[in-house]
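Please open the structure in your viewer and keep the selection tool at hand. The tour below goes from one selection to the next.

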Amino acid sequence: MRFIFKTSYQQDIQLARHGGHVFWYGLLLWGLVTAPWWLQEYWLTQLIFVMIYSIMGLGLMLLAGFTGLFSIGNAAFMGVGAYVAAVLSAHGTPFPLTLALAAGLSALVGAVVGLPALRVKGIFLGIATLSFGFIVEEGLARWESVTGGNAGIHVKAMVFGSWKVDSAASFYAVCLGVTVLSTLFVLNVLRSSTGRAFVAIRDSEVSAQSMGIHLAYYKTLSFMLSAALAGVGGALYAHKMQFISPEQFGILQSIDLLLMVVIGGLGSVHGAFLGALFLITLPQFITLGKDYLPAVIGQAPGLQSLVYGLVLIAFVMFEPMGLYGRWLKIRTWFELFPFYRKGMFKRQKSFQKSDRLK
Amino acid sequence: MSDILLSAHELSVRFGGVLAVNKVSFEVQQGEVFTLIGPNGAGKTTVFNLISRLYTPTSGHLSYQGRALNDMPAHSVAAAGIARTFQNIELFEHASVLQNLLIGRHVHRHTGFWQQMLFLPSVRAEEISTRRKVEEVIDFLDLQHYRDTMVAGLPYGIRKVVELARALCTEPQLLLLDEPSSGLNMEETADMAFWIQDIQKDLGITVLMVEHDMSLVSKVSDRVLAMNQGEVLAVGTAAQVQSHPAVIEAYLGGILDVSAFKRETTGAA
Amino acid sequence: MQVLQVIFSGVAQGCIYGLIALGFVLIYKATETVTFAQGELMMLGAFAGLGCVTYLGWPFGVAVVVSMLVMACIGWLIERVVINPVLGEPAFAIVMLTIGVGYVARGLVTMIPNIGTETHNLPVPYADISFQWGSLVLGATQLVVMASTAVLCGLLYLMFKYSRVGIAMQATSQNQLAAYYMGIPVKRLNSLVWALAAVVATIAGLLLAPITFVHANMGFIGLKAFPAAVVGGFGSLPGAIVGGILIGVVESLSGFWLPEGFKDVAAYVVVLLMLVFKPNGLFGDNLRKKV
């Protein structure tokens, strides 16, 4: 068991809380940095996808997990970022500028999408964001002069001035850099007053207001941040796929993102990464498992859909804290061994009660 | 001479057909403990909600430190120096006690979003000074033991204290306490009485509270206002108000002439 | 006139949206949870009808009744197995659960060899009948849709307002614990509501089948039912139908007057406007938390 003896407030503020953190995350970082040397190209590509989806997952986690704003339209922001990257790369714009513009434009769209959030809550907000998602998707398809419409658009390789990024390893390095920076930014926001304001809004809007938190400002900020992160992820996605079309940014992609944060564990930064890892590796497992199943099941086109649905249901029913929650339980079991009690993380059984009042 | 900190003049609010608060007028002086009493449904919490701007009055005037409060947005009230606790505890359930209290310091922040995203040294310094202030409140209310516990797992009495602590973290001049002793046992209520007295004398904060427990009211209040059905019945010291006939009637019902119901006793046994 | 014809088909389409929305609102009124699975239930209902008529060779009327019974059981089962254990958890979680149910339904149907991936035609007895009224052509298909919707809506409204079951359902949605204390069989009621919603979805599916044909992705139309429910006001049964019709008509007219592409997003633009100007919808309740 680890007992942390605290002697200064710094220890509660800094990101790495104790030696163990420093060691393990340092090891992880070192492993990631050296990955191009010891990882096969196929797995490197998968890792790139994990990172791209993690960035978008961070955005949605911030919005839904930390601020409690339920958004079913985040793929729209991803689409905006992706198309900005596609259009600017055709002009040879240096990537840092592309990234900044993608984030900026997505953030602006996020602010607009966030306007209903100031008036409606819960499922109504979900429906509003869903509607925006459809409208943006249709808009991307109709604005053919810029986006090439439903036929899609090719994305040229990213450039940093004179250096063209055209190898898997260099693309991986760029992705890793962007992911690390995004994660640091999000962690910084979460440990300061802005992050606390988000959590306050999630848990009790009324008392958040009484504590001086300007609801409209922070909700809009949350949407803008989430959209900016999704835009960054979208830009990287566009460069990776090298060809994008509006249908990739529709309702199914939005639900994938939601699936990711729910399965990863709502309300934790780790959850975004675990969820992304899960989302990218699940199809691999399905492909592997196909050979062991009878042909009727294994080769059927609906298998992926079925497995996704079953996994989602299983997680919501049996592991509502998600993958990160399960990891916490396992870690606590080892930390407290042999004193772990079965009901330690059990949610109190609650009865459904209406929040409505006539 | 104490100045008037908060004044309500002919304050009224109507919800649909219900007149919840009807021409209520009172003044709270700086440094006093002013209590609102009255039966359930009298409109006391509604008055609080009007002061903290969760509702807007349909008529009448509210002013705080001479400034009009009628149009102030709800989130500016804390910055103006008014803090409150809630009747049904409104804490941030999925955060620790410490995080709840740190949120209470929100009005005193000086760094903006961009500085926080980059976690500049100014942000770090602000975090440390915020933590220091919160620790002072924790010491004041003896919450050290619960610092890192999730609020959702705390017993009711401790949650009330955490709500009080969170309100104190905003460094208010006026503290609105909504039924601070409801749900507390005798010892906890006695502690609450001491804390309210300390808040008034040591911290110099003016307290406006809604309360049902008459012993607590008598112990700490300077002045009391009795309400019933949205209207003011009486204002004065605790003893004066408690013996006011209208107040007694509101709580216990009037003295009816029941002689007609008395059984006739005949002369013979 | 052509505009009237467009409006007529819009009303018919809107009734379908309204029927699916009716299912949502039913479940919301009784359990205050939102379900994204109505579209897929509708798709399953249509396939059930298809199975009865085309593969078992039963007459259409029998097929309708059998499909309704089968889907009622499926709705009951879904509630028992999947929804009941998680009632009381945050709304977000339950929504994700119903999305999962939708995925499972879609996956299972697609996996049926040969049938799942094809588009099928459901032979209905009124498919080719149409009436002439002035210059309008009124297809029997669309008239049947409108009539069924009106009848169903009326029945459900009466149930909720006057029957003990309906009032018990409303009580359960407002305070489940209190409902238990009052002796209301909460679990049974919840399952009943889901069964009822599944039946409504089945009717919607069977009515829609002649118009869009039966295929595994039919359920995506269900997404348009959300705007219908919101426009009507989320707790109101007649509101769901009115909202649906409104959306259907706006959609039809957009397709007629506005350039291409607007038809698909018309429903969503309407719902956004409604959320801005009247978030509680046309017939909805005022929602506000009391502190």
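Which residues in H5(C) meet which residues in H8(C)? Before selecting them, note that this is a predicted model, in which local features need pLDDT of at least 70 and side-chain atom pairs count only at pLDDT 80 or more, while totals for chains, interfaces and linings use all residues. Residues are numbered from 1 along each chain as its sequence is written, and chains are lettered from A and ligands numbered from 1 in the order in which they are written.

Select C:Thr141, C:Val144, C:Val145, C:Ser148 and C:Leu152 in H5(C), which meet C:Val200, C:Ile203, C:Leu207, C:Pro210 and C:Ile211 in H8(C); contact here is a pair of C-beta atoms, placed from the backbone, within 7 Å. Of the residues in this contact, eight are nonpolar, two are polar and none is charged (Ala, Val, Leu, Ile, Met, Phe, Trp, Tyr, Cys and Pro count as nonpolar, Asp, Glu, Lys and Arg as charged, and the others, Gly among them, as polar).

Now show the whole of H5 (residues 140-162) and H8 (residues 186-212) of chain C, whose axes come within 9 Å and cross at roughly 170° (axes are lines fitted to C-alpha atoms over the stretch in contact, with angles from 0 to 180 degrees between N-to-C directions). H5(C) is therefore roughly antiparallel to H8(C), a term for angles over 145 degrees.

Next, select H2(C), residues 38-55, where helices are DSSP runs (H or I, at least four residues) numbered from the N terminus. Because 15 of its 18 residues are buried, H2(C) is largely enclosed by the rest of the structure; buried means that 20 or more other C-beta atoms, placed from the backbone, lie within 10 Å of a residue's own. Just after H2(C), pick out C:Gly57, which takes a positive phi of about 70°.

Technical notes:
Helix = DSSP H or I, 4+ residues; strand = E, 2+ residues; numbered from the N terminus. Expected span 1.5 Å × (residues − 1). Buried ≥ 20, exposed ≤ 12 C-beta atoms within 10 Å, placed from the backbone. Parallel < 35°, antiparallel > 145°, perpendicular 65-115°, else oblique. Contact = placed C-beta atoms within 7 Å.
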